[in-house]
Amino acid sequence: MPPRAAAFGQFIVKVHGRCNLACRYCYLYEGPDRTWRDRPAAASPAVLDRTAHRIAEHAAAHGTRHLALVLHGGEPLLAGAARLAAFADRVQSLTPGSCTVRTTVQTNATLLTERRAATLARHGIRVGISLDGGRPAHNRLRTDRAGRPSWPAAARGARLLAEQHPGAYAGILTVIDPDTDPVEVYTSLLDLRPPALDLLLPHGNWSAPPPGLPHTGPGRPTPYGDWLTAVFDRWWHAGRRETRVRLFEECVALLLGLPGATESLGLDPVDAIVVETDGAIEQVDSLKSAYDTAAATGLDVFRHSFDDALGHPGVTARRAGGDALAPACRGCPLLTVCGGGHYAHRYRADNGFANPSVYCADLARLVRHVAARLAEATAEARR
C-alpha cells in the first residue's frame with residue numbers, strides 16, 4: 001500500500017472573488033485564466049459553512065496540530081470584516097481542540113478602517129498587506145477601476161495597523177519591479193513598520209516571460225537576481241533585524257541544511273489548497289498565470305473532501321519534489337536550495353511544467369550571493 005499523502009496545512013478561501021482595484025499587472029484578472037468571470041462575486045453562507053466542515057474533517061482525519069487559514073480574494077474585505085470573523089470562528093469551533101488555527105486575511109489595505117481592523121484583531125485574524133513599495137511612486141500600477149491611485153488609502157491602512165493593532169499586523173507582500181531602486185523600495189517599506197516582508201517575483205513563464213527580461217537564453221542579464229541581492233546586502237548588513245524577509249531567511253536556512261517552507265525555494269511539498277467562491281476546490285492561484293483552467297481540479301466542497309484533492313494528478317505533481325523537475329534541475333548543485341523555483345514559473349506551452357524556472361539565472365545569482373555572504377560570516381567568526 002503506498003504511503004498516505006501528507007495533509008494540506010494551508011487553506012486559502014476566496015471569501016470574495018472581486019477586487020476594488022485594477023492593478024495593471026494582475027495575473028488573476030488580467031492573465032490568461034477566465035474562470036473567475038463565471039463565479040459568484042462572494043462566497044455564499046452555504047459555501048463557507050461547508051468549507052469550514054471540510055477543513056475540520058481534514059484536520060481530524062490527519063491529526064493536524066497546526067493549520068493556516070488564509071482569507072483571500074479578490075479583495076476579501078469587500079465581504080465585510082464581521083463576515084470574515086464569523087467564518088474564522090466557525091472553522092476554529094469545528095476543528096479538533098488539539099489543532100491550532102492561524103488565520104490571516106490578505107488585503108490591499110484600502111478598505112481598512114479602525115472599526116474593521118479592531119474586529120479582525122479581536123477575532124485573532126492577522127492582516128497581510130499587498131503593496132509594491134512604501135511610496136506613492138512605487139504603487140503607480142495599483143489603481144482603482146477609475147484609474148485613481150490606491151496609495152493614500154493603502155498607506156493609511158498600513159499605518160493604522162502599525163500604530164493601533166501591531167499584534168494583528170502580519171506583514172507586507174511586494175511584487176518585485178526591476179525598474180525600481182531596490183534599496184529605496186526596501187527602506188520605504190520599513191517606514192510602514194512591517195514585522196515581515198515577502199518579496200515575490202512577478203508570475204511569468206517561458207511562453208509569457210516576465211517584464212524586464214530581454215531574452216531567456218543562456219548568458220542573459222539577471223535583473224531580478226541583481227535587485228534581490230542588493231536588498232539582501234542591505235538587510236544582511238543592517239546590524240540588527242529590521243524586519244523578517246521570508247525569501248532571504250528561507251534561502252539561508254536551506255543553505256544551512258534546514259527545512260524550507262516557501263513555494264519559491266526548496267524541495268518541500270506545497271501544502272496549500274484553494275476554495276473558490278462557488279465552492280470549487282482548486283490548486284493555488286499562481287497556476288492561473290500559465291493558462292486558462294490551469295488550477296482547476298473538477299472537485300468541490302459539496303461533493304468532495306480535501307482528501308480527494310490530495311489524489312488529484314495536478315496536486316500530486318506539485319508535491320513530487322525533485323521527481324517533478326527537469327533533468328537540468330536534478331543535476332544542478334543548487335537543487336536543494338533553489339528547488340527548481342516556483343512551479344508556475346516553469347511552464348512552457350509546448351511541454352507543460354517540466355522545465356527549469358524562467359527565473360533560473362536570477363535564482364542562481366541570489367543563491368550563490370547568499371552562500372558567499374554566509375561563507376564570509378563563517379570565516380570571520382572563526383578568526
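Cys-19 is buried, because its relative accessibility is 16%, and the cut-off for buried is under 20%. Keep in mind that this is a predicted model. Cys-23 is buried too, at a relative accessible area of 11%. What keeps Cys-23 from bonding to Cys-19? The two sulfurs are 6.1 Å apart, and that is too far for a bond. For a disulfide, the sulfur atoms have to be within 2.5 Å. Across the whole structure the count of disulfides is zero. For Cys-19, the nearest cysteine sulfur is the one in Cys-23, and Cys-19 takes part in no disulfide.

Next, the sheet. There are 10 strands in an open sheet with mixed pairing, and the order reads β7-β6-β5-β4-β3-β2-β1-β8-β9-β10. At the edges are β7, residues 244-245, and β10, each of which pairs on one side only. As a reminder, strands of a sheet pair through backbone hydrogen bonds, and the pairing is either parallel or antiparallel.

I will take β5 as the example, residues 169-175. Why do we call β5 largely enclosed by the rest of the structure? Because five of its seven residues are buried. To get from β4 to β5 the chain passes through helix α5, residues 151-164, in a right-handed β-α-β crossover. β5 also runs parallel to β6, residues 196-200, and four bridges join these two strands. Here Ile-172 faces Leu-197 in β6. The link from β5 to β6 goes through helix α6, residues 182-190, and this β-α-β crossover is right-handed as well.

Further along the sheet, β1 (residues 10-14) and β2 (residues 66-72) are paired in parallel by five bridges. Gln-10 has Ala-68 in β2 as its bridge partner. Helix α2, residues 45-62, packs on the sheet and touches β1, β2 and β8. The direction of α2 makes about 175° with that of β1.

Now two helices. How does the span of α5 compare with what its 14 residues should give? At 1.5 Å a residue we expect 20 Å, and the end C-alpha atoms are 19 Å apart, which agrees. The buried residues of α5 include Trp-151, Gly-157, Leu-160 and Leu-161, along with several alanines, among them Ala-153 and Ala-154. Among the elements covering these buried residues are α4 (114-122), β4 and β5.

Helix α13, residues 360-382, has 23 residues and reaches 33 Å from its first C-alpha to its last, close to the 33 Å expected. Its buried residues include Leu-363, Leu-366, Val-367, Val-370 and Leu-374, but also Asp-362, His-369 and Arg-373. On the spacing, an α-helix has 3.6 residues a turn, so residues three or four places apart point the same way. The buried residues of α13 pack against α7 (223-236), α8 (246-255) and α12 (335-338).

On to the loops. Ser-289 sits between β9 (280-282) and β10 (296-300). Ser-289 is buried, at a relative accessible area of 9%. Leaving aside neighbours within four places in sequence, its contacts are Tyr-27, Pro-32, His-203, Asn-205 and Ala-344.

Gly-331, in the loop between α11 (327-330) and α12, counts as exposed at 63% relative accessibility.

Last, the backbone. Most residues other than glycine have a negative phi, and most peptide bonds are trans. Where is the peptide bond that is cis, with omega near 20°? That bond runs from Gly-73 to Gly-74, and Gly-74 lies in the loop between β2 and α3 (81-94).

Two residues have a positive phi without being glycine. Ala-109 has a phi near 75° and belongs to the loop between β3 (100-107) and α4. With 0% relative accessibility, Ala-109 counts as buried. Arg-193 has a phi of about 55° and is in the loop between α6 and β6. Is Arg-193 buried or partly exposed? At 48% relative accessibility, Arg-193 counts as partly exposed.

Technical notes. Residues are numbered from 1 along each chain as its sequence is written. This is a predicted model: local features need pLDDT of at least 70, side-chain atom pairs count only at pLDDT 80 or more; totals for chains, interfaces and linings use all residues. Side-chain values use heavy atoms; hydrogens and water are left out. Buried means under 20% relative accessible area, exposed over 50%, partly exposed in between (1.4 Å probe, protein chains only). Contact means heavy atoms within 4.5 Å. A crossover is right-handed if, with the strands pointing away from the viewer, the path from the first strand over the helix to the second runs clockwise. Two strands pair if DSSP finds at least two bridges between them. The expected span of a helix is 1.5 Å times one less than its number of residues. Axes are lines fitted to C-alpha atoms, for helices over the stretch in contact, and angles run from 0 to 180 degrees between N-to-C directions.
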